[in-house]
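Thanks for asking me to look this over with you. Here are some notes to read alongside the model, one point at a time.

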Amino acid sequence: MSQLDIVDVTKIYDPKTNPVAAVKSLDLSIGAGDIVALLGSSGCGKTSTLRMVAGFEDITHGLISIAGRDVSRLAPAARGIAMAFEGYSLYPPMTVRENIGFALQSARVATEEITRRVDAMANMLAIESILHRYPSSISGGQQQRAGLARALIREADLHLLDEPMGQLEPQLRALLRGRIKHYLKERGSTAILVTHDQTEANALADRIAVMENGTLQQYGTPGELRDRPANLFTGTFVGEPPMNVLTATPVIEGECVRLLLDGNVTLDYPLGDFSVAIRDILASSSSIAIGIRPHAVRTGASGTGASIVVNQWLGDQSHLAVEFAGTTVVAVAHERVPGTRGDTVHIAFSPDDLHWFDAENGRALAHGRETADPAGGLIADPANGPKGGRT
Amino acid sequence: MTQRTYKAADTMLALSNITRRYGRDTVLDDVTLDVPRGETLVLFGPSGAGKTVLLRLIAGVVEPDGGTVFIDGRDVHGVEPEARGIGMAFQNFALFPHLSAHENIATPLYALGDDVSKRAARVERVAKLLKIDHVLKQNPGALSNGQKQRTSLARALVAEPALLLLDDPLRNVDAKLRFEMRLELPRLLAGLGTTVVYVTQDYKEAMALGDRIAVLVDGRIEQIGTPGEIYLEPATRQIATLFGDPAINLLDVEPVASEHGPTVSLSGQQLVLDSSLAHAIGRPCVLGIRPESIGFADADDPEAIPVTVEAETPLNEKIVDLVTTLRGREILVSRPVHMPGPASTSVHGASIRGASAHSTSAHIVIPTGQALLFDRETGRRILAEGEQRQAGHRQAGQRQAGHRQAGHRR
């Protein structure tokens with residue numbers, strides 16, 4: 001059963017004088033107990049969506065229901081949600097402890113129980129030493145964690161978290177991600193998280209909704225986004241470093257597939273490396289976009305020679321940018337690759353690692369040996385989706 | 001005022017015994033540092049370490065309580081920020097909202113007395129370099145985050161400062177843009193020959209961009225070195241933890257003597273450390289093992305250590321397994337997605353603490369040659385016997401070592 005349904009929701013700001021569509025015909029369902037991340041760059045519509053769910057923004061068109069109840073016209077307080085928002089500030093005259101425990105106090109939870117639960121929450125978010133302080137005397141990162149604690153401690157039909165760790169330093173963020181996920185999962189809470197940080201989305205969320213220009217680009221598990229990106233946007237937005245894209249003219253000559261790239265570079269593969277469906281796609285395309293993840297680019301003694309532009313070693317991996325076919329291709333190796341600017345490395349792409357996209361509209365045509373899901377990976381109902389992945 | 005000069009001609013920036021206090025807090029404690037001409041030096045450290053104060057001090061916005069800042073050989077005590085020949089860019093971009101991108105970029109040029117056409121030419125040039133020449137007429141409100149960030153960088157570069165100070169400039173942009181700039185910045189800066197002090201909290205950025213990295217902790221420089229030195233030979237346990245994702249595993253051990261050399265015990269398996277660490281025998285130590293150096297193995301491998309796999313979590317293109325030893329010690333193991341995992345049994349659930357995961361038994365192998373050993377009390381790395389002299393040299397000869405690297409970019 002779904003806990004949140006967003007049905008055909010559109011948000012237009014300033015409709016009379018200067019209409020701006022922030023969210024366009026959005027359909028999204030979140031199953032009970034699922035954690036979903038809304039991921040996108042600034043201005044993509046993710047925060048507008050969250051604010052409509054919270055009730056801070058009117059819905060121009062469409063419907064939002066929480067736990068089977070239409071909440072589209074309800075005030076925020078009547079929606080049964082707990083939220084941690086940027087700027088949704090702590091009450092200044094109360095200590096951090098009083099702020100975190102406030103909702104429990106209103107719900108007439110026994111005092112010792114409140115103390116116990118606030119202590120456990122503060123311990124989880126590493127703010128136990130500031131419980132006696134007032135909001136004005138603590139740092140921005142501490143305020144953010146106090147706000148998060150106040151939201152997480154509540155029983156609610158839905159938890160809304162807006163960039164909940166944006167102000168924290170990386171080590172602390174990495175630690176808290178695991179703890180927050182564990183906490184939400186243990187209680188079976190349903191949560192939506194808005195973030196521009198894909199590491200956070202991947203680590204915390206069961207499913208990720210990728211948005212751009214007010215439109216949902218893809219809704220799937222982290223694995224689906226990685227292995228079966230619905231279009232070039234998702235393919236290049238999700239993944240670190242971003243996916244390489246090359247434009248090719250495919251030519252089938254006898255038992256050989258030849259991909260003509262810019263700069264007179266060609267990639268040759270035996271025809272048998274491709275499924276019949278992909279051969280058909282290649283035969284009918286005069287131009288095709290090929291995506292290849294940096295981690296899938298093989299560097300070594302064999303393959304096509306390419307000139308190193310940048311070689312950065314990050315401890316457990318090397319990031320190389322090389323000049324190849326008139327563009328820059330990024331390769332990641334899990335060992336330290338020797339070589340510096342101007343040196344030649346050889347790179348190769350395995351046919352299984354290639355993603356094929358329509359060169360004009362960017363829609364995925366095939367991934368590796370499989371043809372793409374005709375629905376483009378947009379699975380409206382996670383419970384009934386073909387790759388639901390829920391247990 | 002007497003203007004002392006600093007002799008080394010190839011040193012762009014020299015900090016000599018800098019101390020800065022706020023009230024009773026010492027935020028910078030005896031910081032000494034040389035940055036050769038053309039080098040990108042990354043100032044790295046946790047928040048509150050003093051990175052931004054140090055940057056402001058170089059810029060001239062605050063003055064030190066003790067010590068001297070030399071820029072291009074000149075003691076800049078009392079010299080106004082505008083007169084220090086510095087360009088700066090910040091994480092929040094700090095653009096004037098009512099000015100166009102062009103006007104924002106041009107602001108440092110007014111102080112130089114350039115005429116209108118010369119100003120325009122310089123703005124165009126730097127905008128082209130940063131690929132924002134097509135948005136120069138727009139105000140910051142109409143720019144994307146990436147364009148704002150490039151505009152802010154263009155403003156820092158336009159007057160061709162000899163010294164560029166960048167305060168976490170990529171913090172507020174998304175992963176794709178951050179990665180693009182990570183590849184583009186070194187090329188750009190090398191082309192301009194600018195000396196850069198770059199502040200970041202992101203260790204990957206520090207390793208990717210820094211010719212050298214200075215690690216600042218509690219107002220002190222704990223280590224200065226190339227990215228390789230910092231990662232492979234961290235001076236302290238804390239530095240080892242700050243570099244690497246997932247973070248290095250730290251296990252309390254007390255090496256004992258055996259016929260093969262100094263030995264520690266883990267899940268019933270004896271791990272023999274390098275004989276050059278024999279002086280650590282009998283000392284309370286912490287063994288540091290990077291998650292990526294640990295591998296899964298078959299049970300019949302003579303070096304196999306039995307563990308329980310508690311949870312498996314994806315991290316970018318890696319898989320991270322949380323395993324526990326027989327005594328319940330937690331160890332993180334990371335591997336590329338395509339590498340085989342623990343046996344063939346699949347592990348479901350992704351909770352770090354493992355509540356929702358189904359546990360399964362497996363075996364790991366720890367290559368002790370790559371392990372680091374720290375003194376449990378001081379947190380300092382226990383150096384191998386041959387290494388001690390070298391490290392001593394490095395401290396004494398830091399200045400010279402820095403100079404030799406002038407202009408050599410990786």
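How many bridges join strand β7 of chain A to strand β8 of chain A, and do the two run parallel or antiparallel? Please keep in mind throughout that this is a predicted model.

1. Let us begin with that strand pair. Strand β7 of chain A covers residues 158-162 and strand β8 of chain A covers residues 191-195; 4 bridges join them, and they run parallel.

2. In chain A, 6 strands form an open sheet with mixed pairing, in the order β6-β7-β8-β3-β9-β10. At its edges stand β6 (81-84) and β10 (215-220) of chain A; each has a single partner strand, so one side of each is left without a neighbour in the sheet. On average, and with direction ignored, neighbouring strands of this sheet are turned by 15 degrees against each other.

3. A helix belongs in this picture too. Helix α4 of chain A, residues 140-152, lies across β6 and β7 of chain A. Relative to β6(A), this helix runs at about 170 degrees.

4. The same helix has a helical partner. Helix α2 of chain A (residues 96-106) packs with α4(A) at an angle of about 25 degrees, and their axes are 7 Å apart. An angle under 35 degrees counts as roughly parallel, and α2(A) and α4(A) are therefore roughly parallel to each other. Their crossing is right-handed. From α2(A), the contact is made by A:Val96, A:Asn99 and A:Ile100, and from α4(A) by A:Ala146, A:Ala149 and A:Arg150. By class, these residues divide into 4 nonpolar, 1 polar and 1 charged.

5. Next, turn to chain B and its helices α2 and α4. Helix α2 of chain B (residues 101-110) and helix α4 of chain B (residues 145-157) pack at an angle of about 30 degrees, with 7 Å between their axes. α2(B) and α4(B) are therefore roughly parallel to each other, and their crossing is right-handed. On the α2(B) side the contact is made by B:Ala101, B:Asn104, B:Ile105, B:Thr107 and B:Pro108, and on the α4(B) side by B:Thr151, B:Ala154 and B:Arg155. This contact has 4 nonpolar, 3 polar and 1 charged residues.

6. A word on domains. Chain A is divided into domain 1 (2-236) and domain 2 (239-370), with C-alpha centres 38 Å apart. Their contact takes 11 residues from domain 1 of chain A and 13 residues from domain 2 of chain A. On the domain 1 side, α7 (222-227) and α8 of chain A are the elements that give two or more residues, and α8(A) gives the most, with 4 residues. That side has 4 nonpolar, 4 polar and 3 charged residues. Chain B is divided into domain 1 (11-232) and domain 2 (246-380), and 40 Å separate their centres, taken over C-alpha atoms.

7. Finally, look at where the chains meet. The contact takes 34 residues from chain A and 36 residues from chain B. On the side of chain A that touches chain B, α5 (170-187), α6 (198-204), α8 (232-237), β16 (304-313) and β17 (318-324) of chain A each supply at least two residues. α5(A) gives the most to that side, with 8 residues. By class, the side of chain A that touches chain B has 11 nonpolar, 17 polar and 6 charged residues.

Technical notes
Residues numbered from 1 in each chain as written. Chains lettered and ligands numbered in written order. Predicted model: local features only at pLDDT ≥ 70, side-chain atom pairs only at ≥ 80, totals over all residues. Contact = placed C-beta atoms within 7 Å. Nonpolar A, V, L, I, M, F, W, Y, C, P; charged D, E, K, R; others polar. Axes fitted to C-alpha atoms, helices over the stretch in contact; angles between N-to-C directions. Parallel < 35°, antiparallel > 145°, perpendicular 65-115°, else oblique. Left-handed = near helix turned anticlockwise from the far one by under 90°. Pairing = 2+ DSSP bridges. Domains from an automatic or database assignment.
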